[in-house]
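Subject: Handover of a structure, with notes

Dear colleague,

I am passing on to you the structure that I have been going through, and I would be grateful if you kept it open while reading the notes below.

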Amino acid sequence: MVGEFKELPIEPRGILWQDDFVDPDHEQRLISIFLNELEWPARAGRLSLHYGYTFDYKTFGIDPDIPYKEFPDWLQPLIPTTEARPPDQVCLQHYPPGSGIPPHVDTHKAYDQLYALSLGAPVVMQFRKGKSGQQVDVDLTPRSMMQMTGDARLHWTHGIRKRKTDTLVDGTVRARADRWSITYRWLRKGECECGNLELCDVAQQRIGVEKEMRSVKELTGKAPAEQCRGGNSD
């Protein structure tokens, strides 16, 4: 984990980036663990495994009914050291070719910092600025670690389109392949003060408006009965 985070010189502001958070050999060892040593849900599409606290698809916070799960040995060296304490919730996800995730913002009330490590094949992520329709594509390259802060974390949605290929800025069409991501979340201490009435559940609750939660079916493409207990949103 040599190197440092640098802010990408783009809109949205607040995307901090580190290339080669792990080296290629380490990446291949991790993928071998993911393929051969972990027990994944028996269903098609994007799959999730949780460590620490479990993500709750109903509240989009922490599921209080599922006990804390200690970080496995393979995960320990991958914890970002830029924060004062370890993350509270970590999710490993497998994205088969063609899978994606709807545009969303991780709930402001529950979570503060947000990191994501990409492994395997690259994929293009879309950042969108609310109702303005402004969109920026970010290529999530293998072994890169991304931190979302500021505007990128609070005021833009992020998502991955369901498609078999991505078209890059130079016009190159790149086929998708198997990708894994590790998302790290820290529980928020205190309340979010961003005031974004469109995206912030705290700001909405203060004026008496309950945020309309995304349904499990919208988020994952599966009905609730098909879900593994505790999925993820990134």
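What follows is an account of what was found in it, going from the whole chain to single residues.

Please bear in mind that this is a predicted model, in which local features need pLDDT of at least 70 and side-chain atom pairs count only at pLDDT 80 or more, while totals for chains, interfaces and linings use all residues. Residues are numbered from 1 along each chain as its sequence is written, and side-chain values use heavy atoms, with hydrogens and water left out.

**Overall make-up**

The protein has four helices and 13 strands, where helices (H or I, at least four residues) and strands (E, at least two) are DSSP runs numbered from the N terminus. Of its 234 residues, 53% are buried; here buried means under 20% relative accessible area, exposed means over 50%, and partly exposed lies in between, with a 1.4 Å probe and protein chains only. If one takes the contacts (heavy atoms within 4.5 Å) between residues at least 6 apart in sequence, 74% of them join residues at least 24 apart.

Seven strands form an open sheet in the order 1-2-9-6-13-4-3, and their pairing is antiparallel; two strands count as paired if DSSP finds at least two bridges between them. Strand 1 (6-7) and strand 3 (47-52) stand at the edges with a single partner strand each, so one side of each is left without a neighbour in the sheet. Within the sheet, strand 4 and strand 13 run antiparallel and are joined by seven bridges, and His94 has Trp180 in strand 13 as its bridge partner.

**Helix 1**

Helix 1 (residues 24-36) consists of 13 residues and reaches 18 Å from its first C-alpha to its last, close to the 18 Å expected at 1.5 Å a residue, the expected span being 1.5 Å times one less than the number of residues. Its buried residues are His26, Glu27, Leu30, Ile31, Ile33 and Phe34. Seen down the helix axis, these buried residues fall within an arc of 155°, so they line one face of helix 1; the arc is that of the directions from the helix axis to the C-beta atoms. The buried residues of helix 1 pack against strand 4 (89-95), strand 6 (111-120) and strand 13, whereas the face turned away from the buried side carries the exposed residues Asp25, Arg29, Leu35 and Asn36. At the start of helix 1, a side-chain oxygen of Asp23 comes to within 3.2 Å of the backbone nitrogen of Asp25. That is a polar contact, a pair of N or O atoms within 3.5 Å of which, within protein, one must be able to donate a hydrogen and the other to accept it, and for which residues adjacent in sequence count only if both atoms are side-chain atoms.

**Trp186 and Glu83**

Trp186 is found in strand 13 (residues 179-187) and, at 3% relative accessibility, is buried. Leaving aside neighbours within four places in sequence, the contacts of Trp186 include Glu83, Arg85, Tyr111, Gln113 and Tyr115. Glu83 is in the loop between strand 3 and strand 4 and is partly exposed, with a relative accessible area of 23%. Although Glu83 and Trp186 are 103 residues apart along the chain, their C-alpha atoms are separated by 9.3 Å. The side chains of Glu83 and Tyr115 are joined by a polar contact of 2.6 Å.

**Cysteines**

A search of the whole structure finds zero disulfides, a disulfide being a pair of cysteine sulfur atoms within 2.5 Å. Cys194 is in no disulfide, and the nearest cysteine sulfur, that of Cys192, is 3.6 Å away. Cys194 counts as partly exposed at 22% relative accessibility, while Cys91 is buried at 0%.

**Backbone details**

A cis peptide bond, with omega about 5°, joins Glu11 and Pro12, and Pro12 lies in the loop between strand 1 and strand 2 (15-18). Asp20, in the loop between strand 2 and helix 1, has a phi near 50°, a positive value in a residue other than glycine. Arg143 has a positive phi near 75°; this residue is in the loop between strand 8 (134-140) and strand 9 (145-148) and is buried, with a relative accessible area of 18%.
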